[in-house]
Amino acid sequence: MSDKWDLRFIYPSEALFEADLKKFKEVIVPDMASYKGKLGDEASFVSFLNLEKESQKILAKLFLYSGCASDLNKKDVAGNERESRVQLAAQDFGEKLAFSDPEFLALGKEKIDLFLKKHPELKEFDYSFEKLFLDQSHILSADKEQLLSAFSPLQEEGSQLYSMLSVGDYVPKKAHLHDGKEVEVSQSNWTSLIAGTKDAGDRQAIFEALYAYYDEHKNVYAEIYNNAVQAELAEMKARGYSSMLEEHLFHNKIPTSVFLNLVEVASTNAKPLHDYYALRTKYLGLTKHRSYDRFLQLAHSTKKYTYEEAKALFFDSIKAFPADFQAKAHTVLEEGYVDVYPALGKRSGAYSNGGYQDGKEKIHPVILFNFQGELDDCFTVAHESGHSIHTLYAMESQPLMKQEYTIFTAEIASTFNEHNLLDYLLRSGTLDRETKIALLQKAIDEIMGTFYRQTLFAQYEYEIAKKVEGGEPLSYQVLCDEMTSLYKTYYGIDITEEKLKPFVWAYIPHLFYTPFYVYQYATSFTASMLLYENVKEKKPQAFERYVGLLKSGGSTFPIDEVKAAGVDLTSKAPFLSVVKRMEELVEELRKTLESDVK
């Protein structure tokens, strides 16, 4: 069995990659740039949009190939250079094509609608133009758009610097344990090391071995984050948004109330999380519950899973779902499309990426894991498979320009699979007390990690953004102080007692890579929990409506896609449902822990 990516399905040879990159730079970009000032002509309008489709396909292949190859080994200079060349080509493309949106806007929606009606083969662009005219008040003149595009490499520099510092230059440290042994601690193994020790001093040593790197580079990390936020501020001001939050929500027509309702509900209803920590402190026999103690299991299991066992567990959990859904689940985990195990230099975490279809042209989505055999890894298999299943549904149901779904809906399919896998295990009827405790903890930890923790980080970047918008300077101390305050609100703990924990902001890559992304983990979790409950309760057409959301891809505004599937995220009610579910699970866990072993 192959447990590695075979990227030859994207480009069979390096020469073909280079040929496509050259074609993009020397043929497609100049051809599209030649239409400057001509888009009002119907024939030019049609030709330009056809070239736009071609550019999107070739860019998707270039980014997927170079990005995946780089993620396999961030220490590989040649791989990083290849990825950078693609990014520079895309930035040049954006700069040279900056004229197009202002020209389209100058045509007016009525004329564009007429062109699209006369050329039905271009109907797939209608939603793109709807979003463009929505953004009209924030799009600048052609010369100003071109000027902004010229600065785009600098706007991306914060995320690039973070990647190089956190992955490319990262060297694992060793922790000295109480028995005299040393263990090498890395971003991919530290949580399992902590979960595997009963000694509080060892847990502290492991944690500090990881976080010492952020402490050593605290000023650099703070300046990198400042760079990223200042780039966001410049974009906000240039385009006339009222806030950085609005800048990130406006394009997809997501009301700011969705974000603010989530933050308000989670931050003012954190008691179930405090109760859970108190319960853990008692039954784990801790003097104080440190943040890194969250990886300790209330029920101890030495069971390890092979990757094949994890796949089989996932496949078994979806056997009640339609055959088409099951077939797609098997397809996304086929050999060559999945890179399974951790390696030095490999990007940490897990993701699903890529995928498009246009007629007979098709690029399959890929999945990256860092599989280590824990129960959590089994859930990661279900999670990332959900993303790729979503992609396959969108690919087969939508034309090319409507296949790419938004981040707002992206985490629904992944967490839906997790809800189902958890429920499958809990209702199996074969659980002993220890296993039931472990799974109840898993369910609670999912809400803690996805709803509360991600909302904490969302509120964090919101509060930092407000400081910067108000002209306050950023330093590592400002960043640490804000994180300390929010941990008290959400978890009820003082992380200054943990010495290095206030640097957790430097550990969270999404803050640097994708601003105002993480809140969507919580909104997606909320939506998927309620959609799954509808399916579980066998409400009429519940699964069909859920699959309808997956099939819709990026064909309409995401808040409307979710509402059509059965959940209205513009109200506080769905978020309060998650709080209620947390309360119920914590109470069930308490009863189970207090029950006698029989």
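**From values to words**

Reply: Happy to! This is a predicted model. Let's begin with Lys499, which has a relative accessibility of 58% and so counts as exposed.

Me: What makes Lys499 exposed?

Reply: The word exposed is used over 50% relative accessible area. Lys499 has 58%, so Lys499 is exposed. Lys499 sits in the loop between α21 (476–490) and α22 (504–507). Its phi is near 70 degrees, a positive value in a residue other than glycine.

Me: How do you know that Lys538 is exposed?

Reply: The relative accessible area of Lys538 is 71%, and the cut-off is over 50%, so Lys538 is exposed. Lys538 belongs to the loop between α24 (519–536) and α25 (542–552). Phi of Lys538 is near 55 degrees, again a positive value in a residue other than glycine.

Me: Why is Tyr276 called buried?

Reply: Buried means under 20% relative accessible area. Tyr276 has 0%, so Tyr276 is buried. Tyr276 is part of helix α15 (residues 271–283). Not counting residues up to four places away in sequence, Tyr276 touches Gln441, Ile444, Asp445, Met448, Met582, Val586 and Leu589.

Me: Which residues of α9 and α12 meet?

Reply: Glu157, Gly158, Leu161, Tyr162, Leu165 and Ser166 in α9 meet Val220, Tyr221, Ile224 and Asn227 in α12. Sorted by class, this contact has 6 nonpolar, 3 polar and 1 charged residues.

Me: What makes a set of residues a nonpolar core?

Reply: The residues must be buried, of the nonpolar kinds listed for a core, and joined through side-chain atoms within 4.5 Å. The largest such core here has 142 residues, and those with the most contacts inside it are Leu333, Phe451, Tyr452, Trp505 and Tyr546. Helix α20 (residues 433–469) gives the most to this core, with 18 residues. A second, separate core of 49 residues includes Ile58, Val86, Tyr356 and Leu400.

Me: What does Trp505 touch?

Reply: Leaving out residues up to four places away in sequence, its contacts include Lys218, Tyr221, Tyr460, Met483 and Phe512.

Notes:
Residues are numbered from 1 along each chain as its sequence is written. This is a predicted model: local features need pLDDT of at least 70, side-chain atom pairs count only at pLDDT 80 or more; totals for chains, interfaces and linings use all residues. Side-chain values use heavy atoms; hydrogens and water are left out. Buried means under 20% relative accessible area, exposed over 50%, partly exposed in between (1.4 Å probe, protein chains only). Helices (H or I, at least four residues) and strands (E, at least two) are DSSP runs, numbered from the N terminus. Contact means heavy atoms within 4.5 Å. Ala, Val, Leu, Ile, Met, Phe, Trp, Tyr, Cys and Pro count as nonpolar, Asp, Glu, Lys and Arg as charged, and the others, Gly among them, as polar.
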